[in-house]
Amino acid sequence: MSERDPLVAGNWKMNGDAGSLDLLLDGVLSELSVLALRRCSVLVFPPYVYLGQVAQKLRGSIVGVGSQDVDQRTQGAVTGGVSAAMVKDAGCGFVLVGHSERRTLFAESDELVSDKFEQCGSQGLVPIVCVGETLEERRRDRTIEVVTRQLRAVTSRVGLAGFDGAMIAYEPVWAIGTGESATPEQAEEVHAGLRKCLAELDEDLSNRTRILYGGSVTADNAVALFGMKNVDGALVGGASLKANSFAEICKAAEES
Ligand code: PGA
């Protein structure tokens, strides 16, 4: 039996400003109040500078707040750095680590991603580790090898206890922001592979860990994706910037 209720997370990336994000949140809250969700959890990931504002507005609501990243260090002479303790202090409960844009644009290695994951754990924050293959890797039939390597880098660092409660987001790099989502079958195959990898560590942990899919999720493809046994929700980029499309995805998750 699975204990995995669905979860939908909106990754706002580097978009919006104080006013527009406030309006977006108003829209999301009003759409969600109509849905009266019982099973589906909802999170949003604003840019750092708006974390406090968003967390304050969402206090007492059903929507949780997370940070898109954190620094791997705890404090000190790190100009521009933001620590796990700081995002927690700003009201976050969750953190994305190893998003492919961080891995590519900021050259984050598996090791650095594991450092960040570990920092989140030390602050009691729930990390969502993002994994995914490039188009080239998929063409060479390396998908499972790549995503399990990315996952194992973290699990071998933090162990069973350190991974408990965390989540995984499978985001094929070729599907992010391209309008070309993985098919439900492609997603399911990789999610099942990731779950098998976790089961090598611990069967129960594997059964209770949520694995989200990300990469051009829309209101149109969400139902089919959520119909897959090992797809426990979504990490949504572009479609999370419109209240109605984000709410539609939450509705699909709720009814999955
Ligand atoms: P997308 O982004 O939904 O715009 O493809 C997903 C993500 O990067 O998390």
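Predicted model: local features only at pLDDT ≥ 70, side-chain atom pairs only at ≥ 80, totals over all residues.
Trainee: Which residues of helix 8 are buried?

Mentor: A residue is buried under 20% relative accessible area, exposed over 50% and partly exposed in between, with a 1.4 Å probe and protein chains only. By that criterion, the buried residues of helix 8 are Pro184, Ala187, Glu188, Val190, His191, Gly193, Leu194, Arg195, Cys197 and Leu198.

Trainee: What radius of gyration does the protein chain have?

Mentor: The radius is taken over C-alpha atoms, and the globule rule is 2.2 Å times the number of residues to the power 0.38. For 256 residues the rule puts a compact globule near 18 Å, and the protein chain agrees with it at 17 Å.

Trainee: What share of the contacts with a separation of 6 or more comes from residues 24 or more positions apart?

Mentor: A contact requires heavy atoms within 4.5 Å. Among contacts of the protein chain with a separation of 6 or more, residues 24 or more positions apart account for 72%.

Trainee: How many of the five residues of strand 2 are buried?

Mentor: Strand 2 comprises residues 41-45. The strand is mostly covered, and its count of buried residues is four.

Trainee: Which residue in strand 2 is the bridge partner of Asn11?

Mentor: Two strands pair if DSSP finds at least two bridges between them. Strand 1, residues 7-11, pairs with strand 2 in the parallel sense over five bridges. Within strand 2, Asn11 has as its bridge partner Phe45.

Trainee: Which residue in strand 3 stands opposite Leu43?

Mentor: Strand 2 also pairs with strand 3, residues 63-67, in the parallel sense over three bridges. In strand 3, the residue opposite Leu43 is Gly64.

Trainee: Is the β-α-β unit of strand 2, helix 2 and strand 3 right-handed or left-handed?

Mentor: A crossover is right-handed if, with the strands pointing away from the viewer, the path from the first strand over the helix to the second runs clockwise. Strand 1, helix 1 (residues 18-35) and strand 2 make a unit of this hand. The unit of strand 2, helix 2 (residues 51-58) and strand 3 is likewise right-handed.

Trainee: In strand 4, which residue is the bridge partner of Ser67?

Mentor: Strand 3 and strand 4 pair in the parallel sense over two bridges. The chain passes between them through helix 3, in a right-handed β-α-β crossover. In strand 4, Ser67 is partnered by Val95.

Trainee: Which residues of strand 4 point the other way from Phe94 and Leu96?

Mentor: Phe94 and Leu96 point one way from strand 4, and they are buried. The residues that point the other way, also buried, are Val95 and Val97.

Trainee: Which residue in strand 5 stands opposite Leu96?

Mentor: Strand 4, residues 94-97, runs parallel to strand 5, and four bridges join them. Val95 stands opposite Pro127 in strand 5. Leu96 stands opposite Ile128.

Trainee: In strand 6, which residue is the bridge partner of Val129?

Mentor: Strand 5 (residues 126-131) is mostly covered, with five of its six residues buried. Four bridges join strand 5 to strand 6 (residues 167-170) in a parallel arrangement. The partner of Val129 in strand 6 is Ile168.

Trainee: Which residues does Lys88 touch, not counting residues up to four places away in sequence?

Mentor: Lys88 lies in helix 3, residues 84-89. Its relative accessible area is 41%, so Lys88 is partly exposed. Beyond four places in sequence, Lys88 touches Gln123 and Leu125.

Trainee: Is Asp141 buried or exposed?

Mentor: Asp141 lies in the loop between helix 6 (135-139) and helix 7 (143-163). Its phi is near 65 degrees, a positive value in a residue other than glycine. Because its relative accessibility is 71%, Asp141 counts as exposed.

Terms used
Residues numbered from 1 in each chain as written. Heavy atoms only, no water.
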